[in-house]
Amino acid sequence: MEYNPRPIEKKWQKYWESNEVYKVETNPDKPKFYVLDMFPYPSGAGLHVGHPLGYIASDIMSRFKRHTGHQVLHPMGYDAFGLPAEQYAIQTGVHPAVSTQKNINRYRKQLANLGFDYDWSREVATCDPSYYKWTQWIFLQWFQHYYCTAADKALPISQLVEEFESKGNTETTAFENQDTIRFSASQWRDFSAREKDDILMNYRIAYRKTAYVNWCPQLGTVLANDEVKDGKSERGGYPVERKPMVQWSLRISAYSERLLHDLETLDWSDSLKTIQKNWIGKSTGAMVQFDLESTSKKIEVFTTRPDTLFGVTFMVLAPEHPLVDTLTTDEQRDEISAYQKKAAGLSERDRQSNVDDISGAFTGGYALHPITKKRLPVWISDYVLMDYGTGAIMAVPSDDERDNKFAHHFKLPIIPVVDKTSENPSDHRIINSDFLNGLSVEKAKARIIEEIERSNIGNSKVKYKLRDAIFSRQRYWGEPIPIVYDREGVAHPLSVKDLPLKLPETDDYQPGEDGRSPLSKIKDWVNLPNGYKRETDTMPGFAGSSWYFLRYMDPRNDDSFASSEAIEYWRDVDLYIGGTEHAVGHLIYARFCHKFLYDIGKVVSREPFKKLINQGMIQGIIESIYMDKRESEPARFVCSSIAEKEGLKNFTNILVHADFVNEYGNQDSFLSEESIRKFLNWQPAFSKAKFECPGGIFQKGKFNPHPGSNAKENHLLTHSEVGKMSKSKYNVINPDEVIEEYGTDCFRMYEMFLGPIEQSKPWDTMGIDGVSKFLRRFWDLFFKDGAFTINDENPPKKAKVTLHNTIKRVREDIERFSFNTCVSHFMVCTNELRKAKTQSREILEPLIVLIAPFAPHMAEELWHLSGRDDSVARASYPDYDPEVLKKDELTYPVAVNGKKRTELTVPADMPKQELEKTVAENEVILKWKEGKDIKRIIVVPGKMINVVIK
């Protein structure tokens, strides 16, 4: 019977679904295992062959744990809110809910085609009101809590209000905004409702404040830093500017130390932990106040090097700093305004990365050195960020690279304050610094902090780079924020009974006035009968994905995001698999959200993801052709060999769709005459172009060969390089097409066979043929003369050893997530069993279950052909028998004085004394012994023997 994968796979996928084979419930009698793939966004492009890599790995582990007696939770859903669907709606008029559902349906079909053991009864989508009801509920909890540094946890805001009513905030231990005013209990009682609301926004975990944001007018929304590149939006390439806007934010910074400390409890890679640590960015230093010459206001700076205070020669403020206007003189105002406008067009990432682009403007104002009282000119520059530290720096050009470049560029003074003549940093000493002279750097830090605290001009401080997360988006397709405002502008939370607050229907997705969201234009939704107004911003994309792993535990619960019983049982994710692109944003947000819910008693673990694996990428071949930069009309394209001869610097690369390339992925990939026609139909702007190859020129639909050229010289060789597989690179390979040709099980095993799960590797269609042939050989083990054959005969010893060796290796390697070596073990096992020619049930049935996590469809078919009624998924995973693997005989290399002289084969259970006697009597050893004595025989059991002769 020939192996025909597609009918088999479709049959068993239908069986699994109709029989709910993978449906799971809590079961306290069984150990749980929760394996999760990072939440996918259902894009219109669907899956390409790179996406399933992590999904296949998690599916193998899920199936393995199910076979080993665990109650396995392996769910799937969709991070379905997002800007792409809204942009598509603006362009086409198709409602985001319609296009998103269409994309979800496609994803669902593609995922089902891959044979994953998802419990589809737990499927969720963040855009479903029954889901985002609980996203909104979590937001309300953030709004109604603050962070108490004394308790080191979130507490109800009502407790803070009671504290303010009894003693004000002069002694509060609440985590607060930097510029919070101090007040007494009587002052608090005299404040208006609006004033109290504004003050509480300095403490709430979800709060409103004016912040500088990345505003994209064309997209009509605020963008996160990682959505902006080179001053333009990552999606669409539209200009982005820095703009002050009132935004909702999350006080993630209050959790900085816990986020940092608890990393040590996680089974994550060191590289991933380092990325998180750097993002959180803990720094120890001092806050120092500088008086201003022209006003009673002060500039406050945070520095990690207070020991260099005497080296300060100027100060630099962020262009957005509120004191810039106060400090700027009339003579400098035009220059300052022009610079601020220029800086507003740069993202924070651009400002941090432009280290060689020195720019700035002098305000005309001066600060005073807190100790020497010397005048310090105050500048503004885009390398200082408003949202990092205090938005101001004390510039020490002798000990800071950017300060030094700035000082040299603008000819500002430089005072050396650290003697670095010694190569050993511990021997460096402070100079030119009054009472700090001669001290080591560390002692000088301690001494200067003593002085600034004694003089009341500063204090020691621990700071974190982690900033609060902006939580507002000015768009339609997102979760509505459940807040309303009274006539005085005071924010009020919606009642839980009024959730979900659903998105209103509209066909107008264009932004509202002054950058407000499209919701602001739906007046009958915004304006309530009691005069209140709804919040019109929506939540960001990360809102729903920051807690989705909890909803899977109990997705149909209408009374809570998950029952206490479900949370107590499933607790946290045992294995989380996803890409490194989420190493910062998603993981920080999810960890923060989980810790908050732990604080308020809604979850039972401190961290959401115990073990995390970042899978590598399946890379594609990016094909391009060389276009001459020296000729523009008509464009000139040349073969890669011609470009190399004329100098690659004279050419630019124009991408070519992979479908047009002959021998795609091979070393000699090229465009034929027919391929060039396809390229021109695809890129009509180049219709007049000429295409040169060694054998001739193609132009105006005709190929003109050079005299005497051969067919190979008529090929336009392309430039091939390995890179990201993406729609924009025109190299996407649809897994559906590969599956239709080779089968799902072949696709699954091939992706695992490509290499270690954590490494990136190129897709190679040549290699999949080898896996396909292996699966056919494996299938043939179960057939004799074309008929399925399993008997109860006693198998040969060699077949038993092969099976149990494979079981041992596969079990060990699955636990190590070394899935590529597991496939190798199956290949070796298959070859050895073919030689053994056994149809024994004792060999073949365990082999079916062994391969089931990797090739579940084939395994299910063979399992049922062997006479089983239940799914193979419910079978116990085979374990190896150590007795079978014990060898009857051992062959020892025998050395004399450390040099191998012979080999000796003996019974594996031979006693040591008898073994030593056999060695001493061996004729080769007797030859080397002539005239000498055997002083010692060293036996390393099972490995080697050394005879010491003197």
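Start with burial: of the 950 residues in the chain, 53% are buried. Please keep in mind that this is a predicted model.

The secondary structure amounts to 32 helices and 42 strands. Along the principal axes, the C-alpha atoms fill a box of roughly 100 × 85 × 75 Å. If we take contacts between residues at least 6 apart in sequence, 70% of them join residues at least 24 apart.

Now the surface. The chain has an accessible surface of about 43,200 Å², and carbon and sulfur atoms account for 47% of that. As for charge, there are 126 positive and 136 negative charges, and their mean positions lie 3 Å apart.

Next, the second largest pocket, which holds about 770 Å³ of space. It is lined by 23 residues, and those closest to its centre are Phe302, Thr304, Tyr388, Ile393 and Asp400. Which elements give two or more residues to this lining? They are strand S13 (298-303), helix H13 (348-353), strand S17 (392-395) and helix H14 (401-410).

Last, Tyr238. This residue sits in the loop between strand S10 (232-233) and strand S11 (241-250).

Leaving out residues up to four places away in sequence, Tyr238 touches Cys216, Gln218, Leu219, Gly231, Lys232 and Ser233. Pro217 is 21 residues from Tyr238 along the chain, and their C-alpha atoms are 8.2 Å apart.

That is the end of my part.

Note on methods:
Residues numbered from 1 in each chain as written. Predicted model: local features only at pLDDT ≥ 70, side-chain atom pairs only at ≥ 80, totals over all residues. Heavy atoms only, no water. Helix = DSSP H or I, 4+ residues; strand = E, 2+ residues; numbered from the N terminus. Buried < 20%, exposed > 50% of the residue type's maximum accessible area, 1.4 Å probe, protein only. Contact = heavy atoms within 4.5 Å. Areas by Shrake-Rupley, 256 points an atom, 1.4 Å probe, with all protein chains shown as cover. Lys, Arg positive; Asp, Glu negative; His and termini not counted. Charge placed at Lys NZ, Arg CZ, Asp CG, Glu CD. 1 Å grid on protein atoms, 1.4 Å probe; cavity = no way out; pocket = protein on both sides within 12 Å on 5 of 7 lines; lining within 4 Å. Points joined across faces, edges and corners; volume = space filled by probe spheres on them.
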